[in-house]
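The following note sets out points for a colleague to consider when reading the structure shown below.

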Amino acid sequence: MGRFVAFGEIMLRLSPPGRELLMQTPRFDVWVAGAEANVVTQLARLGHDVGMVSRMPDNDLGQSAITTLRGHGVDVRHIQTGGERMGLYFVTSGAGMRATEVIYDRAGSSFAEAPASAWDWDAILDGVDRLHLSGITPALGPVPAESAMAAAAAASARGVAVSFDGNWRGKLWARWDGDPRGILTRIVEHADLMFGNHRDIALLLGRDDFGGEGEDRRRAAAAAFARFPKLQTIASTARAVEHVDLNRLSARIDTRDGHAQTPETVLAGIVDRIGGGDAFAAGVLDALRRGQGIAAAAETGLALAALKHSLPGDAGLFRPADVAAFLAGGLDVRR
């Protein structure tokens, strides 16, 4: 395996303690956050050689985030410092029949204001075998969108594989007059691996005739493979929400030749579902980078996604032994 790098914004997440409403009491729990940072953090915990490419202010907030990532084993040499502010977002955790709410405070962040010319892709991609991107970066505005498209093109030109997580963020896209379909299409054209479901594919293809059941999901995957010649693998989850504390989750991977589907896993007593999709992506990447098949990749992705629901904060922090224990079953105390 070569080096794996991800490109995206590193933020701070602020949440009221427990299940309180925002500002119910004047204090917050704070975590380092960001979809791409979550993926590399979990991969580092699983023993992979990973790096993060981003930009943040040269102040205590930025340095604390860099220190946190470094502490988990993430290579931070390509995290630039500059600009004036760190992107923030606020999460009010739901409970029972009250849904979780997210407020973004990311406009004008150091990362969002970095021009596409700020990134030296020759240096960043030296020795790298995979670049990971998500749909969140282009959703931030025209400048990050240009950077994301340039990153995908640079990797493709150098023979570096590209993975892309759709991560649709309607609130971010609504803040500017971008063209989500056009921009995301230009990124996915370079990807061999996509994390996204039938809704992501429908957006990319300008269609609305894909459902969420097995045959429809296969039909959506086939349509994506037909449109994007480089695309070889599509990984997705399906979630059924009974209430905030009780979900059911399954995983699926489609390739051009077939698919693998897991049974549903019941997620009860959910602590925090934010970051579950990033944990799933890390699990799939972990298995594929170890040369395992798509069935194992789907199971590993589901295991890490399920485990992330037990942990507060954004990133999964699990070791290989945790994944093995989950897959072996049994929830009694380990003594």
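**Notes on packing and pairing**

1. Helix H5 (residues 142–157) and helix H7 (residues 180–188) have axes that come within 8 Å and cross at roughly 20 degrees. The coordinates belong to a predicted model. Because angles under 35 degrees count as roughly parallel, H5 and H7 are therefore described as roughly parallel to each other. The crossing in which H5 passes H7 is left-handed.

2. The contact between these two helices involves Ala145, Ala148, Met149 and Ala152 on the H5 side, and Ile183, Arg186 and Ile187 on the H7 side. Sorted by class, the contact of H5 with H7 comprises six nonpolar residues, no polar residues and one charged residue.

3. H10 contributes Gly276, Ala279, Phe280, Ala282, Gly283, Val284, Asp286, Ala287 and Leu288 to the contact. From H11 come Ala296, Ala297, Ala298, Thr300, Gly301, Leu302, Leu304, Ala305 and Lys308. The contact of H10 with H11 has 12 nonpolar, four polar and two charged residues.

4. How many of the five residues of strand E1 (residues 3–7) are buried? Five of the five are, so E1 is largely enclosed by the rest of the structure. Arg3, Val5 and Phe7 point one way from the strand, while Phe4 and Ala6 point the other way, and all are buried. The reader may wish to inspect Arg3 in particular, as one of the buried residues of E1.

5. With strand E8 (residues 128–134), E1 pairs in the parallel sense over four bridges, and Val128 in E8 is the bridge partner of Arg3. E1 and strand E4 (residues 50–56) also run parallel and are joined by four bridges. In that pairing, Phe4 stands opposite Val50 of E4.

6. A further element for review is an open sheet of four strands in the order E3-E2-E6-E7, with mixed pairing. Strand E3 (29–33) and strand E7 (101–105) stand at the edges with a single partner strand each, so one side of each is left without a neighbour in the sheet. The twist averages 25 degrees from one strand to the next.

7. Within that sheet, strand E2 (residues 11–15) and E3 pair in the antiparallel sense, over five bridges. Ser15 is placed opposite Asp29 of E3.

8. Is Ala65 buried or exposed? Its relative accessibility is 0%, so Ala65 counts as buried. Leaving aside residues up to four places away in sequence, Ala65 touches Ile10, Val32, Met56 and Met86. Ile10 and Ala65 are 55 residues apart along the chain, and their C-alpha atoms are separated by 7.7 Å.

Definitions and conventions: Residues are numbered from 1 along each chain as its sequence is written. This is a predicted model: local features need pLDDT of at least 70, side-chain atom pairs count only at pLDDT 80 or more; totals for chains, interfaces and linings use all residues. Side-chain values use heavy atoms; hydrogens and water are left out. Axes are lines fitted to C-alpha atoms, for helices over the stretch in contact, and angles run from 0 to 180 degrees between N-to-C directions. Angles under 35 degrees count as roughly parallel, over 145 as roughly antiparallel, 65 to 115 as roughly perpendicular and the rest as oblique. A crossing is left-handed if the near helix is turned anticlockwise from the far one by less than a right angle, and right-handed if clockwise. Contact means heavy atoms within 4.5 Å. Ala, Val, Leu, Ile, Met, Phe, Trp, Tyr, Cys and Pro count as nonpolar, Asp, Glu, Lys and Arg as charged, and the others, Gly among them, as polar. Buried means under 20% relative accessible area, exposed over 50%, partly exposed in between (1.4 Å probe, protein chains only). Two strands pair if DSSP finds at least two bridges between them.
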